[in-house]
Amino acid sequence: MIKKDNHPLIDDYLASVVRQVKARELHKDIRQEIADHLEELVSLKLEEGSSEEDAARWAVSQMGEPSAVGAELNKVHKPRIPWGLIGWVTVLLLISFVAMYAVELSYAGKHRAGSEIPFLLKKLEFTAIGLVAMIALLFFDYRRMLHYSWFIYAGTVLISIGTAVFGRQVNGMKAYISLGPIQLDWMTTSVYLFIIAAAGLLHNRDLSPRSTWKQHLLLLGIPTLLYMLGPSLSSILLYVVSYLIVLYSATKRLRDILLPVGMLVAFFVTLVGLSGNAVRRLSAFWGPYADPDGAGYMYIQMNQAIRSAGWWGHGLGAVNTRLPEIHTDHLFTYLVYSLGWLGGTVVVVCAVLFAVQMLHVIGNVRERYGKTLISGLGSMIAIQFIWNLGMSTGVLPILGGISLPFLSYGGSHLLAEMAAMGIMFSVYRRKDMIRSRI
């Protein structure tokens with residue numbers, strides 16, 4: 001601890017140094033570290049027979065000019081901005097504007113359902129709102145969320161129950177809640193909130209076996225059950241995988257995720273065995289031509305759309321009456337159909353480079369809560385990219401509700417994704433401004 005009876009020269013020196021450092025969270029640590037070093041120097045001089053005044057003056061002179069020391073420390077601990085990741089988010093948003101313009105042209109070409117929707121204009125509006133949220137969260141101190149983790153969890157559970165009972169049903173799922181003129185896709189939003197809550201609740205976890213069971217019941221069992229009531233298999237997939245990544249990030253031990261993995265494998269095997277619809281979907285994935293007019297129809301249409309595209313595609317805004325929902329779940333398939341394999345390759349490369357930058361950001365964060373938080377949020381976005389691209393090319397089974405992050409049409413998922421990026425930027429911004437506790 002810093003002595004209260006430091007020599008006035010030392011107190012003045014410490015005050016001058018920390019005055020240069022903008023990261024106020026580190027002032028106490030910096031003062032303590034420098035004070036300890038000065039105390040050692042003073043002790044050396046006192047042992048040589050110097051007076052306290054001379055010892056303090058000599059010790060301060062050995063440390064260098066306080067303005068220079070403070071400026072150097074401020075440079076080390078200044079806020080950081082992940083410009084690389086921001087750049088790739090910008091690129092993906094620009095691609096999304098082109099995609100929405102192409103969708104408008106395609107729908108209008110055959111007067112299809114949805115042709116009256118100004119997709120590009122709406123996308124620009126959603127993006128503008130998302131940018132405001134992202135910038136606000138960039139300057140928000142993410143550590144404040146840690147103290148409200150239980151509140152976030154409980155609130156998300158209650159609203160999810162209300163949505164399952166009173167929510168508006170779309171495509172067989174009760175996913176939307178009405179907030180006046182605004183329709184919020186709560187099923188999508190809640191996954192991000194559950195992950196934020198899980199990161200906080202696992203931060204100060206109790207390692208006893210009994211508490212571990214309770215932890216898995218609350219953080220894994222209850223959200224999964226709520227998504228089954230939807231029902232939303234895509235939300236289950238996104239949350240479960242992201243939760244396991246958060247759990248590993250918080251514990252750093254593979255054995256801690258074996259129990260929940262075992263529970264989930266048993267659960268999904270039972271679910272598939274009891275659900276005839278799930279069996280038909282899996283059968284269609286492995287052999288779509290066995291039921292070409294039923295469960296295998298979409299696999300066949302996507303395959304034909306991609307195969308017919310060639311390197312240059314059928315042109316921007318090309319009409320394809322066999323592909324439904326080209327503005328959401330099947331946007332990538334349509335982009336390949338209209339812009340060709342070359343256009344699809346550009347999208348994939350941009351997604352990969354975005355993921356690489358995201359991993360770079362996560363890897364450079366040392367503070368434990370921040371790293372766990374952005375590991376979960378980042379994994380959610382990465383999983384959506386992987387699954388959407390995979391199902392669009394026939395590599396993975398079709399799962400409704402998994403859109404292409406930043407590119408697909410829709411306000412709720414775009415706002416959630418940009419808010420998640422804002423939190424990630426906030427964590428990275430403070431990575432050198434706070435003392436890491438691994």
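Predicted model: local features only at pLDDT ≥ 70, side-chain atom pairs only at ≥ 80, totals over all residues.

Biologist: Okay. What makes up the protein, in helices and strands?

Modeller: There are 16 helices and 3 strands. Buried residues account for 48% of the 438 residues.

Biologist: Take Thr-372, in helix α15. How do you know whether Thr-372 is buried or exposed?

Modeller: Buried means under 20% relative accessible area. Thr-372 has 3% relative accessibility, so Thr-372 counts as buried.

Biologist: And what does Thr-372 touch?

Modeller: Leaving out residues up to four places away in sequence, Thr-372 touches Ala-199, Val-246, Ser-249 and Ala-250. There's also a polar atom of the Thr-372 side chain that lies 3.0 Å from the backbone oxygen of Arg-368. What makes that pair a polar contact is the cut-off for N or O atoms, within 3.5 Å.

Biologist: Now helices α8 and α16: how are they oriented to each other, and why is it called that?

Modeller: Their axes come within 8 Å and cross at roughly 20°. Angles under 35 degrees count as roughly parallel, so α8 and α16 are roughly parallel to each other.

Biologist: Which residues make the contact?

Modeller: From α8 you've got Thr-188, Thr-189, Tyr-192 and Ile-196, and α16 brings Ser-412, His-413, Ala-416, Glu-417, Ala-420 and Ile-423. Sorted by class, that's 5 nonpolar, 4 polar and 1 charged.

Terms used: Residues numbered from 1 in each chain as written. Heavy atoms only, no water. Axes fitted to C-alpha atoms, helices over the stretch in contact; angles between N-to-C directions. Helix = DSSP H or I, 4+ residues; strand = E, 2+ residues; numbered from the N terminus. Parallel < 35°, antiparallel > 145°, perpendicular 65-115°, else oblique. Contact = heavy atoms within 4.5 Å. Nonpolar A, V, L, I, M, F, W, Y, C, P; charged D, E, K, R; others polar. Buried < 20%, exposed > 50% of the residue type's maximum accessible area, 1.4 Å probe, protein only. Polar contact = N/O pair within 3.5 Å; in protein donor to acceptor, adjacent residues only side chain to side chain.
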